[in-house]
Amino acid sequence: AGDSAEWTAAGQRAMQAMKAKDWQGARNHFRKAIDLRPSFPRSYVGLSKACAKAGYPGAARRAVHEGLRQCTDRAELEQQLAELPHVRFLDVKSFTAAVAQTESLLGGSAGDFDLAAVLNRGRAACGSTDLPIEYRAFADALGADGNSWVTTLRAMLDVARAVPQLFPHGLPLMMAGSPDTLELSRWQVCALLAAGVLGFLPVQDQAVLPDFNFNAILQSEQAKCACLLLYFKQTLRKGEELHSEIISFQRSVLADDAPETTSEFWASSRLPLAPVKIVQDGAIEDAHGALQADFANMYIGGGVFSHGCVQEEIRFSVCPELLVSCLFCEVMEANEAVVIVGAQQFAQYSGYGFTFRCTGPNADTTALDNHRRRDVHIVAFDAMVCIGSESSQYEVEGMLRELVKATVAFSGDARESTPKRPLATGNWGSGAFG
């Protein structure tokens, strides 16, 4: 009876806190109610709502998933999960039909094979009307062997068809302004990439999300197509390894009231500068054990899905697992960075810009860490755009903006304790950003 009264009181205090918009108080009271009665679903729903209102979408998702594990009555929990922001997928019936129709197009002989028809089937199901009539770059990258084309695309289709099962509750967005971490198995990442290439993923909200549309790559970016095919050829035969390994995506946000957001903090700082080592040869991706800089666009990935081919786009091309971040990472604000851990390099390359070429497969033997991630740490952080106003970067506001961006970026993976790993960087912001 005592526990029942205490549980009732905790629930009442939680609801009062919600009405008062005391999100932290509500979270504490809902947690107390859960501890007293773990099988009551509405406490988890309330905790999730309070976390979402407080700007913690990751905690909101975790509250629902905890409830789904503990409760037999799941209807309200599943409804709450559906209301949290997600990537837009085709409904299961439409997705399954598009896969089946694509599969039928791959059922004939190689001589009857129509690449455009195969790649356009899913795109049409997603509502695309301006469909390409040919995918010349992808065809060139596939090579002259028609049987190889069919084998490769069937293998991609086999993994893409698993998307509804791999994401039964959808794929959450990593929203601007909210610190969050999302973990995906490498098999989930592979399924998303295969579905993207085959056209089974609808276009997302381009106002807040980067592009995730492979059309331009498949039509005219042969080097990027070659990198993608090397990725699929190396990963699709691994199976269990990809199911057990993780890639983590962390949205880091420096709080608006953090001392580092003020010029006074930096003017009075007496912290010594860290040692700097200049390396003449090699690339950022060769700096094993370091936090590797991605000179990002505020929309992560930059122009990788079009004709962009400088530092960020090249890194995303030779490490295609990075591409999925474009599907769910909203545009970065001035106090944000995105840390990705576990994405391997599958292609070697030469050149830069218009001279970029895929030169062959890359054997990445990076070891796993304690969290089942490959020990490759990449941080995406965007510089100021100073084209036409180059002097602004040397004014107090401009310098403070870059110091805030660097502070949140260089903090790296939240799972790592101090001391932090060294940063591998270069001429950040010195190209297209002015």
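Q: What volume does the second largest pocket have?
A: This is a predicted model, in which local features need pLDDT of at least 70 and side-chain atom pairs count only at pLDDT 80 or more, while totals for chains, interfaces and linings use all residues. Residues are numbered from 1 along each chain as its sequence is written, and side-chain values use heavy atoms, with hydrogens and water left out. A pocket is, on a 1 Å grid over the protein atoms alone, an open set of points where a 1.4 Å probe fits, with protein on both sides within 12 Å along at least five of seven lines; points are joined across faces, edges and corners, and the volume is the space filled by probe spheres set on them. For the second largest pocket, this volume is about 560 Å³.

Q: Which residues lie nearest the centre of the second largest pocket?
A: Lining residues have an atom within 4 Å of a grid point, and the second largest pocket has 30 of them. The elements giving two or more residues to this lining are α4 (57-70), β1 and β2 (246-253), where helices (H or I, at least four residues) and strands (E, at least two) are DSSP runs numbered from the N terminus. Nearest the centre are R61, P172, T181, L182 and E183.

Q: Which residue forms a salt bridge with E183?
A: A salt bridge requires a side-chain nitrogen of Lys or Arg within 4 Å of a carboxyl oxygen of Asp or Glu. E183 belongs to strand β1 (residues 180-185), and its partner is 232 residues apart, in the loop between α18 (396-410) and β8 (423-424). With the closest N and O atoms 2.6 Å apart, the partner of E183 is R415.

Q: How many residues apart in sequence are the parts that E103 and R161 tie together?
A: The closest N and O atoms of the salt bridge between E103 and R161 are 2.8 Å apart. E103 is partly exposed at 38% relative accessible area, as R161 is at 29%; the class lies between buried (under 20%) and exposed (over 50%), with a 1.4 Å probe and protein chains only. Because E103 lies in helix α6 (residues 92-105) and R161 in the loop between α9 (146-160) and α10 (163-166), the pair ties together parts separated by 58 residues.

Q: Are R401 and E402 buried or exposed?
A: The side chains of R401 and E402 meet in a salt bridge, at 2.7 Å from N to O. As for accessibility, R401 and E402 are both buried.

Q: How many disulfides does the structure hold?
A: A disulfide is a pair of cysteine sulfur atoms within 2.5 Å. For C225, the nearest cysteine sulfur, that of C227, is 9.3 Å away; for C309, the nearest is also that of C227, at 8.5 Å. C225 is buried, with a relative accessible area of 0%, and C309 is buried at 9%. The number of disulfides is zero.
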